[in-house]
Amino acid sequence: KLRGTYTDALPAYINPQTGRVHTSYAMAATSTGRLASTDPNLQNIPIRTDMGREIRKAFTPQHKKWVLLSADYSQIELRVMAHMSGDTNMIQGFQEDADIHTSTASKVFGVAKSKVTNDLRRKAKDINFGIIYGISPFGLASRIGMSQAEAKEFIQNYFNTYPKVKECIEAIIENGRHNGYV
């Protein structure tokens, strides 16, 4: 995949005038409003694999005194929710620099953090982001492969774990009903 997506494809993106690869950034290209890199997409080059790190070495500043800046607002939506809701459990997770998805998996699935598997973490990630964007038990059930009853229970467990998040979401919805916007 890396070869087809990057090493074989990137030479076609070299600008003939500059001899360099230039990506484009779009803010309206994602449902979350994040900046999206396109033509080529440079955001998905892995950093944790040897091959990904080798591919990244191809990107260098044009001048010696210049630097490339990489920024990632890790779980920004959840950090904003922690701030907006004031939920102490969620805030504590971020203050402890814990992996929020592992923390959520531990609390929602009732297992020790050391026993959280990659699959449970992935499900917790879907739960974390899904719930703050208003996912229903049906939507969560389809996304993570469980019954609607189980999904409803996980959503309830989530709100029991992060009660201020539920209050915040309800207040936003009520505010939207009252004002016609959020």
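Asp97 sits in the loop between α4 (88–95) and α5. In this predicted model, Asp97 has a positive phi of about 55 degrees, although it is not a glycine. Asp97 counts as exposed because its relative accessibility of 66% is over 50%.

Asp39 also has a positive phi without being glycine, with a value near 50 degrees. Its place is the loop between β2 and α2. Asp39 is exposed, with a relative accessible area of 52%. The peptide bond from Asp39 to Pro40 is cis. Omega there is near 0 degrees. Pro40 lies in the loop between β2 (36–38) and α2 (50–56).

The next residues are found in helices. Thr104 belongs to helix α5, which covers residues 100–109. Is Thr104 buried or exposed? Thr104 is buried, because its relative accessible area of 0% is under 20%. The side chain of Thr104 makes a polar contact of 2.9 Å with the side chain of Tyr162. Leaving aside neighbours within four places in sequence, Thr104 touches Phe109, Ala124, Asn128, Tyr158 and Tyr162.

Two of these contacts, Tyr158 and Tyr162, form one aromatic cluster together with Phe159. The structure holds three aromatic pairs.

Helix α9 spans residues 163–179 and holds Lys164. Arg177 is found in helix α9 too. Lys164 is partly exposed, with a relative accessible area of 38%. Arg177 counts as exposed, at 65% relative accessibility. Leaving aside neighbours within four places in sequence, Lys164 is in contact with Ser85, Gly86 and Asp87.

How far apart are Lys164 and Ser85 in sequence and in space? They are separated by 79 residues in sequence and by 5.4 Å from C-alpha to C-alpha. For Arg177 and Arg122, the values are 55 residues in sequence and 33 Å in space, C-alpha to C-alpha.

The table gathers the accessibility values.

| Residue | Relative accessible area | Class |
|---|---|---|
| Asp39 | 52% | exposed |
| Asp97 | 66% | exposed |
| Thr104 | 0% | buried |
| Lys164 | 38% | partly exposed |
| Arg177 | 65% | exposed |

Now to the pockets. The largest pocket holds about 2300 Å³ of space. Its lining is made of 50 residues. Which of them lie nearest its centre? They are Leu42, Gln43, Arg56, Ser70 and Ala71. By class, the lining has 22 nonpolar, 17 polar and eleven charged residues.

Which helix gives the most to this lining? Helix α6 does, with five residues. Helix α6 covers residues 118–132. Helix α3 (76–85) and helix α6 each supply at least two residues of the lining.

Note on methods
Residues numbered from 1 in each chain as written. Predicted model: local features only at pLDDT ≥ 70, side-chain atom pairs only at ≥ 80, totals over all residues. Heavy atoms only, no water. 1 Å grid on protein atoms, 1.4 Å probe; cavity = no way out; pocket = protein on both sides within 12 Å on 5 of 7 lines; lining within 4 Å. Points joined across faces, edges and corners; volume = space filled by probe spheres on them. Helix = DSSP H or I, 4+ residues; strand = E, 2+ residues; numbered from the N terminus. Nonpolar A, V, L, I, M, F, W, Y, C, P; charged D, E, K, R; others polar. Buried < 20%, exposed > 50% of the residue type's maximum accessible area, 1.4 Å probe, protein only. Polar contact = N/O pair within 3.5 Å; in protein donor to acceptor, adjacent residues only side chain to side chain. Contact = heavy atoms within 4.5 Å. Phe/Tyr/Trp six-rings, centres within 6.5 Å; stacked < 30°, edge-to-face > 60°.
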